[in-house]
Protein chains: 4
Amino acid sequence: LTGSGLFGPIFARGQAAEQVSDEAWLQAMLDAESALAQACADHELIPKAAAKAISAKCKARLYDIDAIGIAAAQTISPVVPLVAQLRDKVGKTHGEHVHFGTTSQDIVDTAAMLVAKRALAPVADDLLALRAALGELADEHRMTPMIGRTLMQQALPTTFGLKAASWFSAVSDAAYEIVIADESGLLAAQLGGPVGTLSAFGDKGLAVAETYAEKLGLADPYIAWHTARNRSADIASALGIVSGVLSKIALDVILMAQNEIGEVREAGGPRRGASSAMAHKRNPVGAVAITAIGKRVPGLVATVFGAMAQEHERAAGAWQAEWETISELIRLVGAQVVWARELIDGLEVDSGRMAMNLEGAVLAIGGDPKEIDVGSAPAIVDRLLAESLSETPQH
Amino acid sequence: LTGSGLFGPIFARGQAAEQVSDEAWLQAMLDAESALAQACADHELIPKAAAKAISAKCKARLYDIDAIGIAAAQTISPVVPLVAQLRDKVGKTHGEHVHFGTTSQDIVDTAAMLVAKRALAPVADDLLALRAALGELADEHRMTPMIGRTLMQQALPTTFGLKAASWFSAVSDAAYEIVIADESGLLAAQLGGPVGTLSAFGDKGLAVAETYAEKLGLADPYIAWHTARNRSADIASALGIVSGVLSKIALDVILMAQNEIGEVREAGGPRRGASSAMAHKRNPVGAVAITAIGKRVPGLVATVFGAMAQEHERAAGAWQAEWETISELIRLVGAQVVWARELIDGLEVDSGRMAMNLEGAVLAIGGDPKEIDVGSAPAIVDRLLAESLSETPQH
Amino acid sequence: LTGSGLFGPIFARGQAAEQVSDEAWLQAMLDAESALAQACADHELIPKAAAKAISAKCKARLYDIDAIGIAAAQTISPVVPLVAQLRDKVGKTHGEHVHFGTTSQDIVDTAAMLVAKRALAPVADDLLALRAALGELADEHRMTPMIGRTLMQQALPTTFGLKAASWFSAVSDAAYEIVIADESGLLAAQLGGPVGTLSAFGDKGLAVAETYAEKLGLADPYIAWHTARNRSADIASALGIVSGVLSKIALDVILMAQNEIGEVREAGGPRRGASSAMAHKRNPVGAVAITAIGKRVPGLVATVFGAMAQEHERAAGAWQAEWETISELIRLVGAQVVWARELIDGLEVDSGRMAMNLEGAVLAIGGDPKEIDVGSAPAIVDRLLAESLSETPQH
Amino acid sequence: LTGSGLFGPIFARGQAAEQVSDEAWLQAMLDAESALAQACADHELIPKAAAKAISAKCKARLYDIDAIGIAAAQTISPVVPLVAQLRDKVGKTHGEHVHFGTTSQDIVDTAAMLVAKRALAPVADDLLALRAALGELADEHRMTPMIGRTLMQQALPTTFGLKAASWFSAVSDAAYEIVIADESGLLAAQLGGPVGTLSAFGDKGLAVAETYAEKLGLADPYIAWHTARNRSADIASALGIVSGVLSKIALDVILMAQNEIGEVREAGGPRRGASSAMAHKRNPVGAVAITAIGKRVPGLVATVFGAMAQEHERAAGAWQAEWETISELIRLVGAQVVWARELIDGLEVDSGRMAMNLEGAVLAIGGDPKEIDVGSAPAIVDRLLAESLSETPQH
């Protein structure tokens with residue numbers, strides 16, 4: 001559940017990572033082939049028995065991923081060898097009905113959307129839980145005074161609750177696209193055949209495409225989006241905004257956790273935050289992980305945006321550049337949200353230190369520490385939380 | 001109207017560019033100061049006469065931009081010298097009421113949103129016009145056969161209308177965020193005072209903020225977003241997706257316009273598309289300009305995403321990195337849409353050449369050129385256009 | 001040798017990928033610990049027997065990578081658990097001498113440089129082989145006339161040899177940094193102790209650091225570069241330039257391989273370049289793979305550049321962002337070079353088609369196809385190749 | 001000298017900006033035309049009188065930049081209208097000899113290199129001055145103790161001199177490519193004619209190209225690099241690394257300047273670092289400006305890298321994407337270096353506060369503040385500075 005390998009438990013933390021694994025991709029491609037067979041059978045393009053036989057073999061565990069991968073390099077498409085193996089397994093009688101009327105990209109793009117659908121579900125859950133925790137934090141500290149800081153200099157008093165409310169608000173907004181992804185039509189099936197004309201389906205093309213999408217729980221896009229990549233960019237951008245919002249929270253935590261400031265502290269625990277050379281340290285490890293991921297995401301988002309210019313009816317490179325990049329974005333941001341939940345759930349707030357720093361700041365400018373004015377901070381927090389009671393974040 | 005300087009008519013084409021000019025920024029900052037004064041007067045925090053006097057001086061032409069710029073470098077904020085000059089102009093009696101209870105970033109961020117509002121309006125218009133033109137192109141060529149190409153190789157027959165419909169669909173989706181930007185709440189006012197507490201407004205903070213936003217025609221965000229930069233990222237991403245979609249169209253045009261293919265040709269005209277050394281050439285200049293811009297946008301989008309991690313209540317660098325970057329994004333994508341309109345409006349389609357290339361492709365694989373099957377291409381076009389009759393694009 | 005998993009044989013092709021695997025990273029960290037022990041023993045800071053005992057346990061196969069990874073997430077450092085396990089294996093007598101005077105980042109950064117050293121070696125070999133192949137191609141076709149194309153329109157005659165010479169020249173320049181990486185001082189050891197002062201080594205700090213670097217075959221940087229990340233950026237940029245150069249070659253191949261142009265063709269073979277739906281196609285798969293990688297690299301380069309701003313003596317996120325990113329860059333560009341070698345080695349050049357296209361282009365502008373002027377093309381090729389006879393590319 | 005407009009004095013500070021202005025570009029293009037005429041005359045391809053007449057009109061002030069810009073959009077090339085105007089001014093007798101045998105891109109690329117040459121000269125000077133100032137700072141504070149910080153937590157003692165020496169070392173390395181740019185062959189002339197064959201020059205092509213480069217003070221590249229863009233990427237990357245190094249310094253300054261830490265402070269002065277709302281603040285404005293620029297540069301670097309894939313003999317978009325991007329990179333990084341010089345020249349170091357923070361850190365972990373061990377810090381500084389006495393930084 002936390003990613004494997006040397007860096008996996010840091011950068012592949014949580015459930016999203018396994019939903020973008022090779023196995024998950026393979027299963028999603030097989031789900032697409034299975035849904036295609038069923039849709040074709042529904043519309044009497046292939047025998048129902050063929051569809052049944054095909055679906056029975058659409059289980060990832062039946063396939064040798066490495067062998068498919070090696071063959072995939074011959075065509076820069078994992079679908080070519082997958083279809084060959086699927087035909088083999090289905091056998092002579094029904095084998096010819098496998099992959100009816102479709103093309104590699106239909107299967108890979110549909111799989112990408114299924115992968116996204118399955119991987120974004122736990123991310124959405126984590127975002128909602130994080131949002132709830134931030135709401136509680138804001139509420140609890142709506143009156144906890146601290147010094148506000150601008151341009152990294154002490155400025156005027158605020159409350160920690162207002163800061164947390166700002167985090168809450170940003171997470172709410174950023175979570176929205178992820179939370180509604182499954183219902184907004186963003187995640188659509190792909191079925192067009194080689195050049196998008198649905199030509200193999202005769203006059204049943206539109207109907208087959210609709211059925212296919214329905215069976216997969218994906219939206220029907222009405223037209224093949226083989227080289228119209230808005231959806232990929234939308235996913236990348238939604239993840240990128242989540243990442244930026246979490247990076248801001250982590251940055252604040254790191255800054256407040258500086259020894260000289262000491263206003264918050266990450267949860268400790270056995271060896272958590274320990275140093276290899278300095279036994280006395282407690283490092284803000286969660287915030288560091290979130291920050292590290294946050295530095296990596298914008299470049300990946302740019303890759304997806306930069307790959308939108310795709311040639312004719314199927315791109316010669318730009319499309320293929322999306323595959324690992326989208327997986328990576330989901331893996332990284334998925335992990336980042338898990339880290340953020342841990343961070344906020346375990347955050348130790350030192351309101352005494354906040355008061356002390358505030359007093360110092362006020363005295364430094366000749367103010368009276370007994371007359372701290374936090375303005376409308378509590379009122380802002382109250383209104384914001386009151387209007388956000390619903391489970392689903394709103395734009 | 002087409003940008004000035006050596007490269008301006010290429011990269012600052014159209015009306016968006018002037019809406020992100022220094023003058024436009026200055027006016028927007030003054031509009032924010034004016035609205036603030038009016039809102040404060042409405043809520044009896046400053047005299048109505050003061051508000052009137054202040055608003056009277058909130059005209060960009062009264063100010064020396066270069067002088068403000070030079071002073072701005074002292075504080076990395078154009079608002080500090082602007083407020084000083086505004087106070088001067090308003091005079092002793094009311095000068096103290098200028099910039100009441102606010103902070104530099106309130107003014108700059110509000111100005112940024114006004115700039116975006118004004119600059120995105122012509123971009124939205126151009127996108128809708130482009131969309132309409134693409135709809136007509138798709139409709140006109142719904143039955144025009146051509147060879148579809150995948151991985152840059154001839155594949156199977158399609159129609160030029162289906163290709164244009166794919167462009168139409170992508171532009172529709174991409175245009176949506178831009179077209180609704182003014183109504184979706186994306187463009188919000190900023191008013192929080194130095195650390196977001198609205199402290200100078202006493203118990204009228206929330207009310208003043210609401211009035212201020214209303215006067216500016218911007219949304220009320222409920223909480224200061226000084227360091228919660230979802231909005232900047234949303235704008236960048238919406239522009240980035242438009243850019244990617246237009247780049248795809250331009251790429252197709254460039255490829256189809258190759259002499260050996262010759263299926264489309266950009267409009268000519270006196271010297272348009274001419275070469276300095278080769279008199280016989282007609283270069284696809286619009287598509288080249290769109291492509292050039294398309295290469296530049298993803299890096300700028302990444303900059304905005306990468307700048308979301310902002311410290312405490314005002315960032316020390318990341319916020320300031322947004323200013324020119326957002327302007328640049330608007331300028332470039334605004335120009336790109338203008339180029340795209342020109343490109344599509346003047347596009348010469350050679351259906352004879354399309355038929356010839358298709359015949360060649362079919363013969364090459366031993367097919368019968370008389371039996372061209374374009375599948376459901378016309379039906380897809382028809383349905384797509386029928387469901388898109390409304391003026392406003394829909395997701 | 002070709003990468004495993006679904007996409008590995010495409011994006012992790014060749015030997016570089018395995019040199020950036022978890023096993024390779026772990027071994028490199030152990031090599032650093034071993035060299036440290038040896039250097040400390042040489043300077044009599046720890047017993048020679050301890051160094052021997054430590055080095056004996058510095059073999060990656062003795063360790064459980066997944067367990068280290070899971071523990072690493074507690075501290076965002078794989079070195080903390082690795083040192084614990086190493087101490088265990090070395091045993092009580094000498095265990096305390098493990099990791100003497102050093103810090104996590106010393107080990108990880110040194111390992112990163114060892115990983116780069118080992119991974120770039122096959123990349124350099126492949127680049128030199130590619131360069132030689134391009135030199136031969138340029139020489140062979142120095143007089144082969146073809147039409148030059150500018151702005152994607154036919155322009156004037158050139159030779160295919162001149163085009164290949166341009167590829168050769170770009171590869172030569174790009175290869176230079178990679179080929180000399182091991183000797184240029186770019187790849188340096190890291191040893192500074194927790195804050196770069198070498199304090200645990202008493203007055204032997206400089207000497208230990210020198211010995212340590214020498215034992216590892218890495219340069220001595222004279223000062224810890226824990227947060228001075230020029231080296232990471234230099235590596236990223238060298239790889240990025242290689243990637244850009246290869247992308248240009250692939251783009252030209254894809255364009256020339258279009259059916260309507262047909263001037264080159266990638267090598268075929270059983271199923272190579274095949275389509276899942278269209279049996280007649282031969283897709284330019286190598287060029288597609290190169291292009292796909294080329295789209296992904298600039299974003300990763302930007303990540304490394306954007307991560308150069310690192311705090312104080314060890315960064316809280318930016319450094320950690322480098323780990324997988326540098327590995328990914330090496331993996332991808334390593335694969336890209338392998339694809340490029342395969343592409344050029346198997347490239348089928350159709351000089352007849354070149355002549356035909358050229359004739360068509362000349363006739364189209366009313367020229368005389370019998371009087372083709374390729375200017376100094378052959379002379380340029382000859383001089384370029386003559387000056388590049390040495391094995392090592394020169395800037 | 002500090003850039004004009006609202007944001008110019010921040011982001012276009014210093015002399016580099018004016019060297020990338022429209023006027024500078026225009027003059028550089030005219031310099032290229034002039035050198036071409038002279039080289040052609042030297043090799044008796046055009047009359048000496050023609051060359052003289054042409055060179056006499058190659059003065060930017062004679063031209064209407066806006067008019068050229070508007071016409072340039074017709075061809076996406078400023079050279080087409082420039083040549084027309086130059087011919088006009090030269091007059092009938094010699095007008096036909098203008099632009100002999102060359103192509104737009106020859107002129108634009110050569111101009112880009114001249115622009116870089118002229119703009120990088122002040123950047124190099126500023127870098128050397130910054131480096132010298134950092135050397136002095138390191139030397140002065142080689143023994144000034146302070147607490148080292150890792151992962152944003154107090155760690156172990158170091159000296160401020162060691163920190164400054166790390167800055168010095170990074171600046172030295174980063175400056176190297178910029179300082180030697182004019183001699184390293186990086187900045188090369190471009191002369192190939194329309195497709196790189198030098199065909200108009202008969203058998204004198206190579207000689208003309210050599211003379212042309214020599215007259216311009218640029219390297220002779222031996223082969224046209226119209227679509228081999230290593231040089232653009234090299235410039236972008238060199239600037240990007242400078243930017244990253246300066247961003248690290250600024251980040252450290254911002255962190256040390258926090259009120260709660262107070263170890264350094266930027267120079268003040270009338271209104272410098274002032275706030276619009278909080279009279280008591282002194283903001284780290286130089287460091288903020290450097291940071292803001294540092295956030296913008298990686299995206300621009302990625303743009304240049306991403307634009308390396310250029311088609312055939314002249315790109316349809318990717319090349320044109322370089323123009324403003326390279327200018328922007330030079331403008332921004334040039335300004336950043338100026339800010340860095342100001343920052344370091346005016347930096348106020350509070351060694352008392354450093355000692356106090358250090359004492360607090362040592363006490364916090366039960367250490368003895370009287371026994372501060374800064375290890376080899378002074379020795380490292382001494383050796384580093386001793387080996388860097390030469391004026392020119394070395395790799």
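Tutor: Let us begin with C:Met152, which counts as buried because its relative accessibility is 4% and the term applies under 20%. The model is a predicted one.

Student: Where is C:Met152 placed, and what is said of its phi?

Tutor: C:Met152 sits in the loop between strand S1 (145-150) and strand S2 (153-159) of chain C. Its phi is positive, about 65°, although C:Met152 is not a glycine.

Student: Why is B:His312 called buried?

Tutor: The relative accessibility of B:His312 is 2%, and the cut-off is under 20%; B:His312 is therefore buried. B:His312 belongs to the loop between helix H12 (285-306) and helix H13 (318-345) of chain B. B:His312 also has a positive phi, about 45°, although it is not a glycine.

Student: What makes the pair B:Asp252 and B:Lys163 a salt bridge?

Tutor: The side chains meet at 3.9 Å, N to O, and the rule asks for a nitrogen of Lys or Arg within 4 Å of a carboxyl oxygen of Asp or Glu. The pair therefore qualifies as a salt bridge.

Student: What makes C:Arg272 and C:Glu266 a salt bridge?

Tutor: The N to O distance between their side chains is 3.8 Å, and the rule requires within 4 Å; the pair is therefore a salt bridge. Both C:Arg272 and C:Glu266 are buried. By this rule, 87 salt bridges are counted over all chains.

Student: Why is B:Arg13 called buried, and what does its side chain meet?

Tutor: B:Arg13 has a relative accessible area of 10%, and buried means under 20%, so B:Arg13 is buried. A polar atom of its side chain lies 2.8 Å from the backbone oxygen of B:Pro9; the limit for a polar contact is within 3.5 Å. B:Arg13 is placed in the loop between helix H1 (8-11) and helix H2 (16-19) of chain B.

Student: Which residues form the patch of negative charge, and why is A:Asp139 called partly exposed?

Tutor: The patch on the surface consists of A:Glu136, A:Asp139, A:Glu140 and A:Asp345. Helix H8 (residues 104-140) of chain A gives the most to this patch, with three residues, and A:Asp139 lies in helix H8. The relative accessibility of A:Asp139 is 41%. Buried means under 20% and exposed over 50%, so A:Asp139 counts as partly exposed.

Student: Which residues form the patch of positive charge, and what makes A:Lys89 partly exposed?

Tutor: A:Lys57, A:Lys59, A:Arg61 and A:Lys89 gather there on the surface. A:Lys89, in helix H6 (residues 79-90) of chain A, has a relative accessibility of 32% and therefore counts as partly exposed.

Student: Why does D:Glu177 receive that term, and how far is D:Leu191 from D:Glu177?

Tutor: D:Glu177 has a relative accessible area of 32%, so D:Glu177 is partly exposed. D:Glu177 is found in helix H9 (residues 160-179) of chain D. D:Glu177 and D:Leu191 are 14 residues apart in sequence and 24 Å apart in space, C-alpha to C-alpha.

Terms used. Residues are numbered from 1 along each chain as its sequence is written. Chains are lettered from A and ligands numbered from 1 in the order in which they are written. This is a predicted model: local features need pLDDT of at least 70, side-chain atom pairs count only at pLDDT 80 or more; totals for chains, interfaces and linings use all residues. Side-chain values use heavy atoms; hydrogens and water are left out. Patches are made of residues with over 30% relative accessible area and no salt bridge: like charges are joined within 9 Å, nonpolar side chains (Val, Leu, Ile, Met, Phe, Trp, Tyr) within 5 Å. Accessible areas come from the Shrake-Rupley method with a 1.4 Å probe; for residues, only the protein chains shown count as cover. Lys and Arg count as positive and Asp and Glu as negative; His and the chain ends are not counted. The place of a charge is taken as NZ of Lys, CZ of Arg, CG of Asp or CD of Glu. Helices (H or I, at least four residues) and strands (E, at least two) are DSSP runs, numbered from the N terminus. Buried means under 20% relative accessible area, exposed over 50%, partly exposed in between (1.4 Å probe, protein chains only). A polar contact is a pair of N or O atoms within 3.5 Å; within protein, one must be able to donate a hydrogen and the other to accept it, and residues adjacent in sequence count only if both atoms are side-chain atoms.
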